Amino acid sequence: MQLSDTCPQAVLDAIPAAALVVDTERRVVLMNKTADKLIALPRPAVLGQRLPGLIAGLDWLDPALAAGTLLAGKESVLAVGSGNVEVLVDVTPLPAPGNPGGALVVLRDTGDTRESVRRFEQLESLAGIGEIAAGAIHEIRNPLTSISGFIQLIKSRAARQTDQTLLDYCTLIADEIGHINGILSDFLTLAKSQGGKFAAIDIRQLIRDVQGLMYGEAVLSRIAIIPRLPAEPLMICGNGDKIKEVLINLFRNAFHAMPDGGPVTVAATAAAGTVQITVADTGSGMSPPVMAEIFKPFYTTKETGTGLGLAICRRIMHEHNGEITVASEE
């Protein structure tokens with residue numbers, strides 16, 4: 001039996017981290033695609049080379065394998081190419097007839113691990129906030145409903161008495177109650193997962209649907225929406241209504257950034273098993289301090305904004321195992 005027979009290439013490529021199989025001399029026998037990216041050398045130049053010689057920081061590998069030690073999550077700083085990478089190293093001995101001492105070495109970038117932990121903690125925190133928010137919002141909305149009812153009664157009496165000043169006051173109060181209700185709804189959306197069924201979605205069709213929904217608003221704002229979509233389908237598994245909510249929010253932000261009108265481009269591309277959607281406006285841009293804050297709840301640069309729109313977008317993207325980022329300059 002050969003060592004390569006015990007760990008087929010397809011299995012290695014399925015591991016979501018850099019994985020390499022080494023023989024008794026610590027020479028690389030097999031490696032997956034993620035290891036290709038980490039080591040940043042052509043695979044023919046790596047295969048047959050001793051792993052501790054290729055990556056500085058693995059000096060402890062020889063004695064560990066000689067002792068047949070199983071290691072899990074050993075923290076190491078590796079010198080790869082021209083930089084250093086913090087990784088967690090897992091080493092699993094792979095003894096085989098005629099080839100004792102071989103091993104599977106898995107290198108996990110701690111940056112990816114920290115990001116996963118950060119997302120989980122954020123979602124867990126928001127879930128806790130959601131339970132509190134649901135009860136609090138219910139208690140706030142009850143008196144608001146009563147106030148709104150009395151305002152309608154006063155407004156009707158003011159209309160009968162042709163008291164325009166009182167009518168104006170009632171209209172203002174009703175508008176503010178609506179504004180408060182909008183903030184409560186947004187906050188509940190941010191804090192509480194909306195769930196919903198995931199299904200196969202063609203992102204191209206979703207973008208076309210949103211373009212149709214935004215057409216009237218775009219015309220009134222003297223804005224032209226320019227789609228740049230591929231000919232072939234771009235399929236993902238997700239909640240179509242929630243992805244639409246994200247796109248509508250991004251389009252509206254783009255419109256608000258362009259008071260004089262102009263083009264807004266929406267593009268979609270596929271790469272490395274992911275789909276990237278870009279909404280680009282031609283407004284005045286943002287400063288670095290603003291970009292650093294825009295995804296934080298209640299931060300807004302608009303006079304009438306709640307500062308929850310982009311925070312909700314980020315929540316939805318994280319629920320889809322995705323990310324949302326911004327690039328701009330003034």
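This is a predicted model: local features need pLDDT of at least 70, side-chain atom pairs count only at pLDDT 80 or more; totals for chains, interfaces and linings use all residues.
I take a residue as exposed when its relative accessible area is over 50%, and as buried when that value is under 20%. Arg 222 has a relative accessible area of 54%, so I log Arg 222 as exposed.

**Entry: two positive phi values**

I stayed with Arg 222 for its backbone. Arg 222 sits in the loop that runs between helix 8 and strand 7 (223-228). Its phi is near 60°, a positive value in a residue other than glycine. I noted that because most residues other than glycine have a negative phi.

I then looked up Thr 162. Thr 162 is in the loop between helix 6 (110-160) and helix 7 (164-191). Its phi is near 50°, again positive in a residue other than glycine. Is Thr 162 buried or exposed? Thr 162 has 65% relative accessibility, so I log Thr 162 as exposed.

**Entry: the chain as a whole**

I find 11 helices and 10 strands. The chain has 330 residues, and 33% of them are buried. I also checked contacts between residues at least 6 apart in sequence. Of these contacts, 57% join residues at least 24 apart.

**Entry: helix 8 against helix 9**

I looked at helix 8 (residues 203-220) and helix 9 (residues 240-256) next. How far apart are their axes, and at what angle do the helices pack? The axes are 10 Å apart, and the angle is about 40°. That makes helix 8 oblique to helix 9. The crossing of helix 8 past helix 9 is right-handed.

I listed the contact residues. Helix 8 contributes Ile 203, Leu 206, Ile 207, Asp 209, Val 210, Leu 213, Met 214, Glu 217 and Ala 218. From helix 9 come Gly 240, Ile 243, Lys 244, Leu 247, Ile 248, Phe 251, Arg 252 and Phe 255. I sorted them by type: 12 are nonpolar, one is polar and four are charged.

**Entry: helix 9 against helix 11**

I followed helix 9 to its contact with helix 11 (residues 309-319). The two axes come within 10 Å and cross at roughly 145°. Helix 9 passes helix 11 in a left-handed crossing.

On helix 9, the contact uses Lys 242, Ile 243, Glu 245, Val 246, Asn 249, Leu 250 and Asn 253. On helix 11, it uses Gly 309, Leu 310, Ile 312, Cys 313, Ile 316 and Met 317. This set divides into eight nonpolar, three polar and two charged residues. I see Ile 243 of helix 9 in the contact with helix 8, and Ile 243 is also in the contact with helix 11.

**Entry: how enclosed is helix 11?**

How many residues of helix 11 are buried? I get eight of the 11, so helix 11 is largely enclosed by the rest of the structure. The buried residues are Leu 310, Ala 311, Ile 312, Cys 313, Arg 315, Ile 316, Met 317 and His 318. I note that Arg 315 and His 318 are in that list. After helix 11 comes Asn 321, with a positive phi near 55°.

**Entry: Tyr 299**

I looked up Tyr 299 in the loop between helix 10 (288-291) and helix 11. Its relative accessibility is 28%, so I log Tyr 299 as partly exposed. Leaving out residues up to four places away in sequence, Tyr 299 touches Val 290, Glu 293, Ile 294 and Gly 307. I also took the C-alpha to C-alpha distance from Tyr 299 to Ala 311, which is 9.1 Å across 12 residues of sequence.

**Entry: two buried aspartates**

Asp 23 is in the loop between strand 1 (18-22) and strand 2 (28-31). Its relative accessible area is 11%, so I log Asp 23 as buried. Which backbone atom lies 2.9 Å from a polar atom of the Asp 23 side chain? I find the backbone nitrogen of Arg 27 there.

Asp 202 is in strand 6 (residues 199-202). At a relative accessible area of 17%, Asp 202 is buried. Its side chain makes a polar contact of 2.9 Å with the side chain of Arg 204. Not counting residues up to four places away in sequence, Asp 202 touches Pro 233, Leu 234 and Met 235.

Conventions:
Residues are numbered from 1 along each chain as its sequence is written. Side-chain values use heavy atoms; hydrogens and water are left out. Axes are lines fitted to C-alpha atoms, for helices over the stretch in contact, and angles run from 0 to 180 degrees between N-to-C directions. Helices (H or I, at least four residues) and strands (E, at least two) are DSSP runs, numbered from the N terminus. Angles under 35 degrees count as roughly parallel, over 145 as roughly antiparallel, 65 to 115 as roughly perpendicular and the rest as oblique. A crossing is left-handed if the near helix is turned anticlockwise from the far one by less than a right angle, and right-handed if clockwise. Contact means heavy atoms within 4.5 Å. Ala, Val, Leu, Ile, Met, Phe, Trp, Tyr, Cys and Pro count as nonpolar, Asp, Glu, Lys and Arg as charged, and the others, Gly among them, as polar. Buried means under 20% relative accessible area, exposed over 50%, partly exposed in between (1.4 Å probe, protein chains only). A polar contact is a pair of N or O atoms within 3.5 Å; within protein, one must be able to donate a hydrogen and the other to accept it, and residues adjacent in sequence count only if both atoms are side-chain atoms.
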